Amino acid sequence: MYNSKFVLSALFLSSSLFATTDIKPSEIKQEVLNEKYVKVDNIAPSLEEIFINDSTQTVKKLLSYRKIPNSFLSKSSIKNYYKNFNNQLIWSDKNGIKDISITLLETIKNDPVLKPNIKKAFNLEKILKELTKLEKTDDKYLESMTKIDFMLTSIYDKYMRYLSKGYINWKGFKRELRKLDEKEEILADWEKFNVNKNTAKLLKEAIIQNDLSFAFNEVNYTYPKAKELASTINDLKSYL
């Protein structure tokens, strides 16, 4: 704001000088611009600004690789996530891994339905190993942090698909149903309710709110009367 006022004042004064001096307008403007740039250059960027700039460049660099490290999403999918965040880190900042990252891992770890298959489905031990071997040297830190960020984004995406579709091999499940139907052992049918949500946009809003449950709730319990059914099942369990 100070620089803007300075430039406007200088330009106003220059217009009144042209009638009484031999100084050319272009020379006055150049002096004003030089003064403006000197003042701007003297303002050092904050550590936050430096981190955002450097990390953004690192994200762009790693996303340009033919095989994107630590991501098990398609190249277009992982790029779409970071496009929504202007190619900035999602799960990390200048202080390291954000608390919301730990929330993601804890939510998956404590999911009661997923628990029996947690190691096979998400391999959380591998993630923890990646966190413990995070490079601390300046030249490697950002690249190491970005790779972990990619991994966490991939895990988020996988968990969102689990919440919306369940942890099941639907093709194999349907094959088994057809076999039962052919044998006339059972009238085999299954109604599958698909949820189509933009998980990248949901993540953006969840990060803004610092609350992942916003995204999770958008894809979980979306089947009609799902919460009522879950409540009834829990009631039935109490009689077993």
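Tutor: The charged end of K204 sits over the ring of F85, 5.5 Å from the ring centre. K158 does likewise over the face of F72, at 5.8 Å from the centre of that ring. (A charge counts as over a ring when NZ of Lys or CZ of Arg is within 6 Å of the ring centre and within 35 degrees of the ring normal.)

Quick housekeeping: this is a predicted model, where local features need pLDDT of at least 70, side-chain atom pairs count only at pLDDT 80 or more, and totals for chains, interfaces and linings use all residues. Numbering runs from 1 along each chain as its sequence is written, and side-chain values use heavy atoms, with hydrogens and water left out.

Now rings against rings. Searching the whole structure turns up six aromatic pairs (Phe, Tyr or six-membered Trp rings with centres within 6.5 Å; planes under 30 degrees apart are stacked, over 60 edge-to-face, the rest tilted). Y82 and F150 make an edge-to-face one, 5.1 Å centre to centre with 70° between the planes. That pair links distant parts of the chain, since Y82 is in helix α4 (residues 75-84) and F150 in helix α8 (residues 138-165), 68 residues apart. (Helices are DSSP runs of H or I, at least four residues, and strands are runs of E, at least two, numbered from the N terminus.) Both Y82 and F150 are buried, meaning under 20% relative accessible area, with exposed being over 50% and partly exposed in between (1.4 Å probe, protein chains only).

F122 and Y159 are edge-to-face too, because their ring centres are 6.2 Å apart and their planes at 65°. With F122 in helix α6 and Y159 in helix α8, this pair ties together parts 37 residues apart in sequence. F122 is buried at 7% relative accessible area, and Y159 is buried at 4%. Ring pairs join F122, Y159, Y162 and F216 into a cluster.

Next, T199, in helix α10 (residues 199-209). At 19% relative accessible area it's buried, and setting aside neighbours within four places in sequence, T199 contacts Y81, Y156, D157 and M160 (contact means heavy atoms within 4.5 Å).

I97, in strand β2 (residues 96-97), is partly exposed at 27%. Not counting residues up to four places away, I97 touches W91, S92, I102, L131, M145 and I148. I97 and L131 are 34 residues apart in sequence, yet 8.9 Å apart C-alpha to C-alpha.

L131 and I102 are also among the lining residues of the second largest pocket. That lining divides into seven nonpolar, one polar and four charged residues, and its largest share, five residues, comes from α7. (Nonpolar is Ala, Val, Leu, Ile, Met, Phe, Trp, Tyr, Cys and Pro; charged is Asp, Glu, Lys and Arg; the others, Gly among them, are polar. A pocket is an open set of points on a 1 Å grid over the protein atoms alone, with protein on both sides within 12 Å along at least five of seven lines, whereas a cavity is a set where a 1.4 Å probe fits but cannot get out; lining residues have an atom within 4 Å of a point.)

Last, the backbone: N86, in the loop between α4 and β1 (92-93), has a positive phi of about 55° without being a glycine, and is exposed at 55%.
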